[in-house]
Amino acid sequence: MSKKQQYKLTTRLVHGPEHSAKWDFSHHVVPPLSSSTTYRLDSAKRGARGFQEFGQLVEDTGEAPVYIYDRLDEPTRSILEGELADMEQGEACVSFASGMAAISGILGSILQKGDEVIAHPVLYGCTHSLFTHWYPRQGFGVQRIDLNDIAKLKKQVNDKTRVLYCESPVNPTLELVDLGALRKLADAINAQRKPARKLLIVIDNTFATPFAQRPLALGADVVVHSLTKNLGGFGTEVGGAVICPKSMLASLLLYRKDFGAILSAKSAWAILVYGLPTLAVRLKRQQYTARKVAAWLEKQPAVARVVYPGLASYPQRKLAERQLVDVDGDFAPGNMIYFELDPKRVEAERFVDEIASSAYSITLAVSLGHTKTLIELPASMTHSSYGKAGGAVRLSIGLESPSDILADLKNALAATQTPASRNGRAVR
Ligand SMILES: Cc1ncc(COP(=O)(O)O)c(C=O)c1O
């Protein structure tokens with residue numbers, strides 16, 4: 001075990017690598033930001049070696065790899081990838097230009113024409129759109145089945161099924177998928193399959209982050225992330241990442257090289273030196289506030305339903321306590337809240353419009369995992385690709401004072417109550 005591995009993840013996130021197999025920067029306290037599209041090759045032999053070695057896992061031999069061209073590989077991005085693999089307890093990581101590039105990258109590198117994905121019904125809106133709009137045109141099958149319904153899955157998985165795909169917690173409903181149960185099912189199916197056709201569990205861990213959930217240890221094969229959210233953390237960088245077994249690395253790197261959706265070195269650097277070292281402290285603070293806000297919302301007569309894994313009323317509370325555990329071993333219900341207003345008392349659109357015009361501590365904006373508290377209406381915004389109406393509200397808690405967030409929510413509820421409910425006549 002290296003010296004670094006003897007330390008807690010929170011400490012490893014602050015300090016980063018002791019040194020990197022990808023670059024010699026042992027005298028920098030902060031990893032340097034590299035910015036070079038192309039690399040001097042010294043000799044034709046070195047150039048040929050670079051191309052020959054591309055796609056292989058870089059072993060820590062004390063010698064930096066041969067860099068050729070930014071789109072193939074790049075030192076700052078490589079160091080970030082090493083850190084993300086460490087956080088997720090995975091063997092390898094490949095970063096991408098966005099979360100969607102990471103999702104389409106891993107699935108595109110696994111699936112062949114005629115193969116099929118079974119995906120959970122509710123997903124982030126653009127992932128839903130990828131599956132419904134693009135995959136049928138590209139010859140990939142998609143079935144939508146509740147991944148907690150193991151009996152139904154057992155019936156529906158067939159020889160073409162290569163991937164079981166989900167988010168957990170799900171965006172925006174915060175439902176969880178039982179990864180242990182899914183692992184058991186995949187193992188039983190894989191016992192009858194050749195290694196090259198194994199059924200793979202791919203999970204989007206964007207909501208929890210590896211600080212609050214390590215899906216590979218819970219049974220998943222591959223983890224994807226939008227780095228744009230809590231891992232980046234400050235709302236300044238767009239990025240994505242895939243954490244996968246060594247065996248998938250070559251194909252994934254080749255896919256990224258040829259489709260070209262690379263994470264810029266400048267964004268990788270910001271995530272590496274600002275996002276990751278502050279992840280634990282940000283999430284603990286956001287979660288502290290989210291618990292207070294969820295408990296308060298649940299007591300409001302104008303709020304019909306609150307979904308937050310930290311509430312006693314959360315329907316999958318036992319599963320949440322098993323799966324959402326932070327790196328210190330504490331229950332980690334996270335910073336996301338999903339709630340429904342009682343339309344007889346407060347109309348959701350009027351409520352978020354009131355927040356947009358009057359609140360200072362809450363911003364009407366999509367995205368999540370930001371320093372600022374963000375509110376949105378999934379049905380008409382992030383999840384509009386589902387084409388379904390609905391008045392539920394998604395809240396991503398930031399770093400503000402909890403009492404300010406509560407005051408802004410309270411004022412917006414008071415300002416938008418229907419006249420009938422103000423007179424105490426509304427019924428639930
Ligand atoms: C759960 C989840 N996955 C993936 C994405 C896509 O990430 P990006 O916007 O970085 O492409 C998002 C974006 O909101 C998301 O919420």
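The following legends describe close-up views of a predicted model. In this model, local features need pLDDT of at least 70 and side-chain atom pairs count only at pLDDT 80 or more, while totals for chains, interfaces and linings use all residues. Residues are numbered from 1 along each chain as its sequence is written, and side-chain values use heavy atoms, with hydrogens and water left out.

View 1. Domain 1 spans residues 4-275 and domain 2 spans residues 283-422, with bounds taken from an automatic or database domain assignment. Their C-alpha centres lie 29 Å apart. The contact (heavy atoms within 4.5 Å) takes 39 residues from domain 1 and 33 residues from domain 2.

**View 2. The area buried between the domains.** The size of an interface is often given as the accessible area lost when the parts come together. Between domain 1 and domain 2 about 2800 Å² is buried (accessible area, 1.4 Å probe, that two parts lose on being put together, summed over both). Carbon and sulfur atoms give 60% of this area. Leu174, Leu176 and Phe211 supply 24% of what domain 1 buries against domain 2, more than any other three residues.

**View 3. Polar and charged links across the interface.** There is 1 salt bridge between domain 1 and domain 2 (a side-chain nitrogen of Lys or Arg within 4 Å of a carboxyl oxygen of Asp or Glu). Across the interface, 16 residue pairs are in polar contact, both residues at pLDDT 80 or more. A polar contact is a pair of N or O atoms within 3.5 Å; within protein, one must be able to donate a hydrogen and the other to accept it, and residues adjacent in sequence count only if both atoms are side-chain atoms.

View 4. Around the ligand are 14 residues, of which Gly99, Asp204, Ser226, Thr228 and Lys229 come nearest (a residue counts if one of its heavy atoms lies within 4 Å). A backbone N or O atom of Gly99 lies 2.8 Å from a ligand oxygen atom. A polar backbone atom of Met100 is 2.9 Å from an oxygen atom of the ligand. For Asn171, an N or O atom in the side chain is 2.9 Å from a ligand oxygen atom.

**View 5. The salt bridge of Lys4 and Glu83.** The side chains of Lys4 and Glu83 meet in a salt bridge at 2.9 Å, N to O. The whole structure holds 16 salt bridges.
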